[in-house]
Every structure is written in structure tokens, then in C-alpha cells.
Amino acid sequence: MSLPLVLLRPEPGWSASAARAREMGLEVAGAPLVAIEAVDWRMPEGEFDGLLAGSANVFRCGGDTLERLRHLPAHCVGKATASAALAAGFEVAFTGTEGLQAALDAIAPPARMLRLTGEERVALSPPEGVAIVEITAYRSRRLPMAVDLLPPRAVIACHSGTAAAHFAHEVDRLSRDRTAYVLCALSARVAREAGAGWQSIHIADSPDDAALLALAGRLCQGAGVTASDSTHSP
């Protein structure tokens, strides 16, 4: 018996993932648990050598001020963010696969980087000779989960730590049993944000939507996971 796949990520990612999952033959449930909202921000003083972007939301929510930054090379956390940067007219200097810290570590000093980010962010440790100015360009607003959108048993796709932590909160609020749900996470950090008590937690081979949905598809169909999948059980 196959399980439905519950998607939590904000739009426009939710609809994109849902379309891909349905093309894979999966039953899709759930709804966005987070809404992304732009925050007014001002260009900081001084010159910069590059732009650090940990999410495609940087380019969706950056507003008109982004036009003043298009001369800066963009150092991006992953493929989706790099695609958003290119679509916004930026040159992509680096596309990471292991988080934004890896993108930062690849920057040759001396350098002064501008990081546009959300209100909730991962702390970074710049290498010697590299300085970072952080500006909040967007925020995540948590949304309640409707009880009729959460199946009694399902595979849950967690694209972000914010969504994973909020999903855990909503499961408890709705008095659902955590052991009824199998979670698949985009990264180890996202898995940690979900907490413990689930039937199992699995981590995608790479931090992108395609890898996460491939993993989710195997779990939904009851095919198990491959030896390359990182798996954590409660």
C-alpha cells in the first residue's frame, strides 16, 4: 500500500514540487506551512566583492534595490538559488552543494561580502580575511495546518528547517502520533529541526528538490531506501 506525500514548502515551490511528484505517480497532500514575505531593506554603505545567497527568496523578495547589486558575482547555496540568481540578471560565481558555509569557504580573501537573508538564518563563520555584512530581506510567517490536510499516515517532505520545526509543532497541536509519519529532509540540519519521535527520518543524497522527491517517492511506494540514503530512526 502506497503512502501519500505531504508537501510543506512555501509557494511557488509547493506547486512546482507537487507537479513533479504527481508526474512520478505520487498522491500529494498538505499545503504550505510557511509564507515568505518581503522586508524593506536599505543598501548598506561601502563596496562589496560579492553577494551571498542562501535561498532563492533573496531574488524573489529583494525588490528594486537588487538592481544596484547586479554587478556583484552571486555565491549561491545550491542549484535552485543559482537559477533564481541567473533569472534576476546576476552572474553566478559559485553554486554549492553542502550549504552556504561551503560557498563562503570557497571565497578567496581579502573580500567583503553582502549576505541577503531571512530573519531566521544559519550562522556562518567567515574565513580569515573575509568580512560579511548581513541584511534581512525577507521573513517566514508560519501558517496553521488544517487537520483535514494531514493524512493519518504519510511521508513528509521537509525542504527547510523552519517548515520541519513548524510541522512538528502542528503535529503535536493536532494531537497526532509522530510515529505515523516518515520524514525525508533536504539536509541533516533540516532533519535536526524536525526533532525526534518520528517513525524514521531520511536525508536526501543532495540538497535539492529532485533528490528529495526521488527519496520521497521510494518511501511512499514502500520500496525502502538505498544504502546511500542517510537514515535516522527514533
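Trainee: Which residues in helix 1 are buried?

Mentor: Gly13, Trp14, Ser17, Ala18 and Ala21 are. Buried means under 20% relative accessible area, exposed over 50% and partly exposed in between, with a 1.4 Å probe and protein chains only. The model is predicted: local features need pLDDT of at least 70, side-chain atom pairs count only at pLDDT 80 or more, and totals for chains, interfaces and linings use all residues. Residues are numbered from 1 along each chain as its sequence is written, and side-chain values use heavy atoms, with hydrogens and water left out.

Trainee: What covers the buried residues of helix 1?

Mentor: The cover includes strand 1, strand 2 (28-30) and helix 7 (209-220). Contact means heavy atoms within 4.5 Å. Helices (H or I, at least four residues) and strands (E, at least two) are DSSP runs, numbered from the N terminus.

Trainee: Why does Ser175 count as exposed?

Mentor: Its relative accessibility is 66%, and the cut-off is already given, so Ser175 counts as exposed. Ser175 also has a positive phi of about 60 degrees, although it is not a glycine. Its place is the loop between helix 5 (161-173) and strand 10 (181-185).

Trainee: What is the order of the six strands in the open sheet?

Mentor: The order is 3-8-7-4-5-6, with mixed pairing. Two strands pair if DSSP finds at least two bridges between them.

Trainee: What makes strand 3 and strand 6 edge strands?

Mentor: Strand 3 (34-38) and strand 6 (92-95) each pair on one side only. From one strand to the next, the twist averages 25 degrees. Axes are lines fitted to C-alpha atoms, for helices over the stretch in contact, and angles run from 0 to 180 degrees between N-to-C directions.

Trainee: In which sense do strand 3 and strand 8 pair?

Mentor: Strand 3 and strand 8 (residues 130-142) pair in the antiparallel sense, over five bridges.

Trainee: Which strands does helix 3 touch?

Mentor: Helix 3 (residues 79-87) packs on the sheet and touches strand 4 (50-53), strand 5 (74-76) and strand 6. Its direction makes about 170 degrees with that of strand 6.
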